[in-house]
Amino acid sequence: MPDTHAAISRDPRRDFTIEPVFVDEPRGREVLVRIVASGICHTDLISRAIGAPERPILLGHEGAGVVTAVGAEVADIRPGDHVVLTYRHCGACRNCRLDRPAYCAESTRLNQFGARPDGSPRVTIGDTVVRDGFFGQSSFAGYALAAADNAVVVPATTDLAIAAPLGCGFQTGAGAVLEVLRPEPDAVLVIYGAGAVGMAGLLAARTRGATVIVVETSAHRRALALELGAAHALDPADADPVAAVRDRTGAGATHALDTTGRPEVLAAAVASLAIGGTVTAVGLGTGVPPIDVRDIVLSGKTIRGCLEGDAVPRRFIPELLGLYAAGQLPLDRLVRVYPYTEINAALADQRAGHVVKPVLSW
């Protein structure tokens, strides 16, 4: 099986290093994928802190590539298939049966770092076992061992650099709008945070004809949001976001999407809603938002959590690719491709707000 190169994290306080790794052959329901592109997501950066310097970590959970081999138990994916890798799910628990795979009862076990059930390693550097299995893929490498349940087959003509972020970030933002909020053409949606998730939500909302207001600290991203169809792009430093939204909507927003994970932002989103409005929160933050219970009850407002866009990836990812192919979802405007050897430069650009979604190419 292949020797390849990977972007390895040995210490969360230091840069990623490009190192040679060995990837094992696929077993059982595993699928070996030659990675063409892998998006960088905020979740990758948070999860770096799990590893110790002496135990290298292999991250990456927005991979896309070409299948080169499959395990003996795989029947629905073949070598040569082009795939987008997403999160794993068991397919058997109640939530999976109800088409809610993001809330799979086995999600934590299947998507966090860990060896195979028999303890055998998937990725090694010499005699050192690499901590991998992140979202069932660890795709910051030239090859990734995924599973049949998190590999979505896409047309061979698909631009995999654009498709890769559909495995998580773009799926989350677009799904929160199209699968959960479902705004009508006369709706007003306020999106808090214009990173990859928020921008994908903006593009999705525009396919429904909804009016979109973006609240974002980065001037570059505010400008891009306006180019992509936002009616307004507000800097929260300039004015009270609640007053600013109400000034532009009158009665308030019918819908809101909070991508920040900040409790004070979620509270502002709730306060900015019109009667009967709904806010969906997708950011994994901490803390308790200061929310007015009387306002929630008297105004009939709804606060809704959402993982991975509440989408069924095997159905939803092809749907989004269809919208992209039809020119209705210009995801390419959000992506900048970097050679995998430039991962640290890509991260610096992302932190500075110069790029919405950095994607590594192999």
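1. The side chains of D310 and Y103 make a polar contact of 2.4 Å. A polar contact here is a pair of N or O atoms within 3.5 Å; within protein, one must be able to donate a hydrogen and the other to accept it, and residues adjacent in sequence count only if both atoms are side-chain atoms. D310 has another such partner: its side chain and that of R304 are joined at 2.6 Å.

2. A word on the basis. This is a predicted model, in which local features need pLDDT of at least 70 and side-chain atom pairs count only at pLDDT 80 or more, while totals for chains, interfaces and linings use all residues. Residues are numbered from 1 along each chain as its sequence is written, and side-chain values use heavy atoms, with hydrogens and water left out.

3. Where does D310 lie? D310 is in the loop between β16 (302–305) and α11. Helices (H or I, at least four residues) and strands (E, at least two) are DSSP runs, numbered from the N terminus. D310 counts as buried because its relative accessible area is 16%. Buried means under 20% relative accessible area, exposed over 50%, and partly exposed in between (1.4 Å probe, protein chains only). Phi of D310 is near 50°, a positive value in a residue other than glycine.

4. Which residues does D310 touch? Leaving aside neighbours within four places in sequence, D310 is in contact with R100, Y103, E179, V180 and R304. Contact means heavy atoms within 4.5 Å. Along the chain, L323 is 13 residues from D310; in space the two are 18 Å apart, C-alpha to C-alpha.

5. E179 counts as buried because its relative accessibility is 19%. Its side chain makes a polar contact of 2.9 Å with the side chain of R315. Not counting residues up to four places away in sequence, E179 touches A174, G309, D310, A311, R315 and F316.

6. Is H61 buried or exposed? H61 counts as buried, because its relative accessibility is 0%. Its place is the loop between β4 (57–58) and β5 (63–70). The side chains of H61 and D44 make a polar contact at 2.9 Å. Beyond four places in sequence, the contacts of H61 include C41, T43, L85, F134, Q137 and C168. T86 is 25 residues from H61 along the chain, and their C-alpha atoms are separated by 6.7 Å.

7. Now the nonpolar cores. A nonpolar core is a set of buried Ala, Val, Leu, Ile, Met, Phe, Trp, Tyr and Cys residues joined through side-chain atoms within 4.5 Å. The largest has 49 residues; L166, F170, M199, L202, L257, L331 and L334 touch the most other members. Elements giving two or more residues to this core include β10 (151–154), α5 (169–181), α6 (196–207) and α11 (313–325). The most, 7 residues, come from α6.

8. Setting aside neighbours within four places in sequence, L334 is in contact with F170, M199, A200, L203, L224, L228, V356 and K357. A second, separate core has 31 residues, among them A6, I8, V21 and F140.

9. How many cavities of 30 Å³ or more does the structure hold? There is 1. On a 1 Å grid over the protein atoms alone, a cavity is a set of points where a 1.4 Å probe fits but cannot get out, and a pocket is an open set with protein on both sides within 12 Å along at least five of seven lines; lining residues have an atom within 4 Å of a point. The largest cavity has a volume of about 40 Å³. Its lining has 7 nonpolar, 2 polar and 1 charged residues. Strand β9 (residues 143–147) gives the largest share, 3 residues.

10. S138 is one of the residues that line the largest cavity. S138 lies in the loop between β8 (128–129) and β9. It is not a glycine, yet its phi is positive, about 45°. S138 is buried, with a relative accessible area of 1%.

11. Of its 21 lining residues, E30, R88, L110, P117 and R122 are the closest to its centre. The lining divides into 7 nonpolar, 6 polar and 8 charged. Volumes are the space filled by probe spheres set on the grid points, which are joined across faces, edges and corners. Ala, Val, Leu, Ile, Met, Phe, Trp, Tyr, Cys and Pro count as nonpolar, Asp, Glu, Lys and Arg as charged, and the others, Gly among them, as polar.
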